[in-house]
Amino acid sequence: MYLKIIFFVLMNCLTIFVRFVTSAEDFRLPKFAVPERYQLKILTDLTHDFTFKGQVIVDFFVTNETDKIVLHSKNLHVLENQTTLREISNSDNGDAFENSIVRLRRNLKKKKLTENESQKNDDEFILDPTRIVFPVSNETNVNETFNNNVNPNSVNPDNQLSSNASVPDDTKTPQLSTTVEFSNENFNETRVDTTNHSLEGVDVSQSLPSSTEETFTIKNNPVSQFSIVTEPQQTSTLSTVEHDTEVQNSVIANDKNVFKHEYNDEYDFLTLNFGKLLTPGKKYRLELNYDGVLSDTLTGFHRVPYVKKSSQKPTWLASTVFEPNEARTAFPCFDEPHLKATFDVTLGHDKKYTALSNMPLKSTSSVEGRSDWQWSTFETTPKMSTYLVSFLISDLEYLTPRQNNTNSDRNVVYRFWSRHDVLYKTRYAMRIAPLMKNYLENLFDVRDVLPKHDFVALPSFVSTALENWGLYSFAEKNLLFTPGFSSLFSKYQITQVLGHEISHMWFGNMVTPKWWDQVWLSEGFSNFFEIVASDHIQPQWDLKTISVIFAYLKVFSLDALHSTHALVPTFDDPTDVGDIFDSISYQKGFYLVRMLNYTLGQESFMNGVRKYLKAHMLSNADENDLWEALNEFAHNENSIPSDLHLKDVMFNWTRKPGYPILKLERDYTNNTATVSQKRFVRFNGDYEFRDNSNDFENMETKWWVPLTYTTGSDMNFRDVKPKVWLNPTDEFITLEDMPSKDDFVLMNLDAAGLYRINYDDRNWGLLISYLLNENFEDVSLLNRVQILDDLMDLARSGDQSYERALQATSYLSREKHFLPWKAAFSNFDFILRMFRSKDSSRALKKYLKNLVSARFDELGFEMKKNESFSDSMNRKQIVKWACKTGHRECTRKSVNLFRKWMEEKKPDERNPVPSNLRNVVYCSAIENGSNKEWQFLWQRYLNYALTDKTAILNGLGCSRSARTLKKYLNWSIKESSGIRKQDSPIVFKSVAKNDAGFQIAKKFLKEKMGEVRTYLGNNPFFLPQMIDTLSSKMNQVNDLKDLEDIEMESTTNYRSVPRCFKQAFERIRFNIEWTDKNYQTITDWLKKQKF
């Protein structure tokens, strides 16, 4: 044991030393070359050994004199004796992307369908090539009501057609509040044979940059060939794809004079030494041949297994997840986001599969020596980053909408791909995706440049979704929806995820961050405009309000840690790049974008956004480019001080970690108040895992804070433009317009600013008294949430008393909207975790059961006709907490519903459990049931063709049987168990959240961390989820030692400690301190309330 401790200390010392001597420049590519064009040709074997053979030709400009070139290459075998470098002409023969557009237009003239033929098929659903025709049904529209007893599998998906949607007039720039209407007139779907998908019959002229055919020429200059053995005694020739640049005769390097390739596995560097200086300003062509193996970790160029329902046999597909830095696993490349280029992709594959890439199919040809294989060649992409390149080789099928000919977007092809068994579930996404894209196009006044968009539901996927340009990847549950069966939350999630990935067309794809430290420009803006687009589609959900609280709770929790990071972080190691895809980049980024929208005003903000997008179209940008675009409009509206640039106002918001807490202290005699600020952190104790030496300096950070406020006599919650700015150089400012001593002051209207507020005791009392009276709804919804969450979090940090905070929660018995409840449950969940295995946990549950009982009695289990989105969402959490706190009727109802399901003759086809309540019903039934119930639910996971299996997995983790939970965890890391790799973290989290399973989960991770890492690979998403769940319940000193053991086993392949561990250690230390300080206080308060 002592040797392990000594080793652990030495490893941390080494980490500190490495960070001291390493800078970001060490793992960035040298600035020798800038790529212009890639030509890729990859032959993939999904039938035998999961290998691939590739050829990449890169045209690049030399920027500095050098005798070597450095690229990225990871897990590839690059053939040294087949490397060539040539100097090529700098003459401009036209942009390859535009050449592709000309080619598509030329094909269009030859093969365009006649107007009569198009109209003939307007009301048909066509299954090519047999052209079986079904009539269009008026089954449902986007806002259909739900019947929880509908059997999704009892209807033939080929004749159960969705409703048709009319496309809104896009000749005017829409306002953010525009409502979209749906009808059954001109929106049909086509199901097409999935081989040889050329877009030759599609008019792309209105969706692509204008150009003339005469401007461009195409020259065909084959360069070289090399042989690839795909099977014993059978040879295929991998020929260079066509290109349009003349090659000069001089060969600078080939197999005779290229020095030995040098590899740096630490940074994935491949260095090619040429022995001759390359001239700055000259263009060169590098050709590399290589081979590799498809990964089984769901990242990079990887393989995915799934079972076909028709045959019950396993099959495979090959897909890509390149973000942030995994393109190098598919082809050697300059794998950094600012090094944009065009891509010509050719994929070789068995003819039984379909190949997809970012652009439309250009042509197909036979693979020499393999009659059953083909090459699929795709059109040239626009300039884009390597992480956006994507390809898919599969036997998935697709549906496509056929839209009204009057729609300006009629020439853009949309296809929605999935397994055959669930193809009909793409229809909701198929209806709303084109509407979202059209709406955002008009809003930004920036047209989409791609002629097609494929949306693919993958049977196993590492994340929520991925914005590969033109070939968007989704986990099945985030794209597939079954009316009458899927939950309302599922519909909400699909809408938001689609909105997010479509927003990436502009933020990330067209305008790309220069480096990963600026990823918030991509994710924060996409989060913001996903809400704008989703609200346009489903205005009755009030997503602009709901989304704020979802982000609010995440940001204000994570960013209150010392171990958080700035929105623009500093990277000390290449492994740190994966750490930034967290709630800071996504949710804090979103919150700051929202704050800018409020501060500048919507019109000025959108004008600045349009200017930013147009200035950096198909290029890269950083936050300074954004501030420059917005600054003019900020001053036009007098939104910021006249002597400041927006860059100065926003600097600490993006460059420093954390956020401020404001202290408002009123002078009730003179009707004035002072406002001061400091950084808010929950844990002020010292600990050895501080993020860096700048932590104490960061504690002194102050911000430019936009102040908005109202009073009890004014009650104006709509005036969200700043009344005054709090200057970071001021110790405090004085407000002169305060009300009388009997009126409250409330700051940060609609939670528009990213800050908390702590008032003096009297003002807190006035606010709480108002919440407790019958007029509490006069306070805006977001500010009711803010008051409650500020109080509870300030009590958690020790800046307020729990007596006052808990007193405020008593108002909830009359609160009907689900958002204040959500904020309260988030805080009570923390307290319950800390009370785990303690005597007072029962008293706390009694208080909570009493709090939710009235709402539970009112909402019940059954969905009401025409009920609000808020009520539907509230029922889900109220029922969960009623059962969680031991409400007998809730438990009884859940067990009975589950029993009815077990009694169904075809339980895989009929489920009487309301779709929105399956998580809670499954959990209650398993918790109060036996092995019989567990085995029944496990069989449903294995049998279900339904896409969202998360509820089942969560329910299985609610068992009280230690033996069952151990077996369940062991199955989660065995391929043969039937649990998909992407579901392994869900299994772990479900067991760890269970009080009966917490210790089992902790022991499992301690003992089998090596197996977990081997099975899941170095996935940037899975480990943080597991560590966060486990550490959230740890509040004992021995938990620290247990986590240290887990960390030692899990960080073998990291040069630095992953941020999730730093945050976990901080949380545990805080939890220990919090429990010591607050357990007795809360216990005493509960006793006073007679619980």
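Which residues does Glu501 touch, not counting residues up to four places away in sequence? They are Ala465, Leu466, Glu467, Tyr472 and Phe474, where contact means heavy atoms within 4.5 Å.

Before going further, a word on what you are looking at. This is a predicted model, in which local features need pLDDT of at least 70 and side-chain atom pairs count only at pLDDT 80 or more, while totals for chains, interfaces and linings use all residues. Residues are numbered from 1 along each chain as its sequence is written, and side-chain values use heavy atoms, with hydrogens and water left out.

## The protein as a whole

The protein has 28 helices and 36 strands; these are DSSP runs (helices H or I, at least four residues; strands E, at least two), numbered from the N terminus. Of its 1091 residues, 63% are buried. Here buried means under 20% relative accessible area, exposed means over 50%, and partly exposed is in between (1.4 Å probe, protein chains only). Among contacts with a separation of 6 or more, 75% are made by residues 24 or more positions apart.

## The annotated sites

Back to Glu501: an unreviewed UniProt entry places the feature "active site" there. UniProt positions are given in the numbering used here, feature names are shortened, and annotations may be inferred rather than shown by experiment. Glu501 sits in helix α5, which covers residues 488-503, and it counts as buried because its relative accessibility is 4%.

The unreviewed entry also places the feature "binding site" at His500, His504 and Glu523. These residues are spread over 24 residues of sequence, yet they cluster in space, with a largest C-alpha distance of 8.4 Å. His500 is in helix α5 and is buried at 6% relative accessible area. Glu523 belongs to helix α6 (residues 520-537) and is buried too, at 1%. His500 and Glu523 touch each other. Beyond that pair, the contacts of His500 include Ser526, Asn527, Glu530 and Tyr586, while those of Glu523 include Glu323, Glu467, His504 and Tyr586.

## A strand and its hairpin

Let us move to strand β15, residues 300-307. Six of its eight residues are buried, so the strand is largely enclosed by the rest of the structure. Eight bridges join β15 to strand β16 (residues 314-321), and the two run antiparallel; strands pair if DSSP finds at least two bridges between them. One of the bridge partners is Val321 in β16, which goes with Gly300. The two strands form a hairpin with six residues between them, and Gln312 in the turn has a positive phi of about 55 degrees.

A polar atom of the Arg303 side chain does lie 2.5 Å from the backbone oxygen of Leu294. Among the other residues that Arg303 touches are Phe50, Trp316 and Leu317.

## Charged pairs

Side chains of opposite charge can pair when their charged atoms come close. A salt bridge is a side-chain nitrogen of Lys or Arg within 4 Å of a carboxyl oxygen of Asp or Glu, and by this rule there are 50 salt bridges. Three of them are listed here.

| Lys283 | Glu36 | 2.9 Å |

Lys283 is buried at 3% relative accessible area, whereas Glu36 is partly exposed at 32%. In the pair of Lys614 and Asp445, Lys614 is partly exposed at 44% and Asp445 is partly exposed at 48%. Asp454 is buried at 0%, and Lys452 is buried at 1%.

Salt bridges can also be followed through a group of residues: Arg682, Arg756, Asp789, Asp790, Asp793 and Arg796 are linked in a network.

Conventions:
A polar contact is a pair of N or O atoms within 3.5 Å; within protein, one must be able to donate a hydrogen and the other to accept it, and residues adjacent in sequence count only if both atoms are side-chain atoms.
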